[in-house]
Amino acid sequence: MAKIGIFTSDQVFNNNRMFDVSDKKFNRDNILYPYYQLKKNLNKQGIELNTLDRYLSFEKLDAILLFKLDFEALYRILKSGFCGKLIYFAWEPPVVSKENSPGNLKKIENLFHHIMTWNDSIVDNEKYFKVNN
């Protein structure tokens, strides 16, 4: 079974809470439903999806998705011997997260297999891919 870990945008979603649609406090306006569906659909395909904190070791993961750029976490992942795909989701525009500007993404792109972005101007379908949020 393939395994994917997600480094969430906020620790409150750790321990797989980002998939818990029954949690009224965090699932406001059904915001967690897409993650719940993703986990459910991947599971049907034989792919295990959990928040990164659920894994004691990253070495056996096939991919890690970063929903937030955190250099301490990134350092731990890279130092751990992780050899799978590392994918960063640049959800926010630079006005919200300056690290997501095209220039700043260019500086860190070699750390990732892929970068998912809303920004059509940098999508090349090789390193940068379009994501709708």
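Analyst: The side chain of N100 reaches the backbone oxygen of E92 at 2.9 Å. This is a predicted model, where local features need pLDDT of at least 70, side-chain atom pairs count only at pLDDT 80 or more, and totals for chains, interfaces and linings use all residues. Residues are numbered from 1 along each chain as its sequence is written, and side-chain values use heavy atoms, with hydrogens and water left out.

User: Which side chain has a polar contact with the side chain of N100?

Analyst: Y88, at 2.6 Å. A polar contact is a pair of N or O atoms within 3.5 Å; within protein, one must be able to donate a hydrogen and the other to accept it, and residues adjacent in sequence count only if both atoms are side-chain atoms.

User: Is N100 buried or exposed?

Analyst: N100 counts as buried because its relative accessibility is 4%. Buried means under 20% relative accessible area, exposed over 50%, partly exposed in between (1.4 Å probe, protein chains only).

User: And where is N100?

Analyst: In the loop between β4 (85-90) and α3 (102-108). Helices (H or I, at least four residues) and strands (E, at least two) are DSSP runs, numbered from the N terminus.

User: What does N100 touch?

Analyst: Leaving out residues up to four places away in sequence, Y88, A90, W91, E92, P94 and L105. Contact means heavy atoms within 4.5 Å.

User: New topic. How many residues has the largest nonpolar core?

Analyst: It has 21 residues, and Y88 and L105 are among those with the most contacts inside it, as are I64 and L86. Such a core is a set of buried Ala, Val, Leu, Ile, Met, Phe, Trp, Tyr and Cys residues joined through side-chain atoms within 4.5 Å.

User: Which elements supply at least two residues each?

Analyst: β3 (63-66), α2 (71-79), β4 and α3 each do. There is also a second, separate core of 18 residues, including M18, L32, F89 and V131.

User: Back to L86. What is in contact with it?

Analyst: Beyond its neighbours within four places in sequence, L86 is in contact with residues including I64, L74, L78 and F112.

User: Is L78 buried or partly exposed?

Analyst: L78, in helix α2, counts as partly exposed because its relative accessibility is 42%.

User: And K85, which strand is that in?

Analyst: K85 is in β4. K85 touches D62, A63, I64, H113 and H114, not counting residues up to four places away in sequence.
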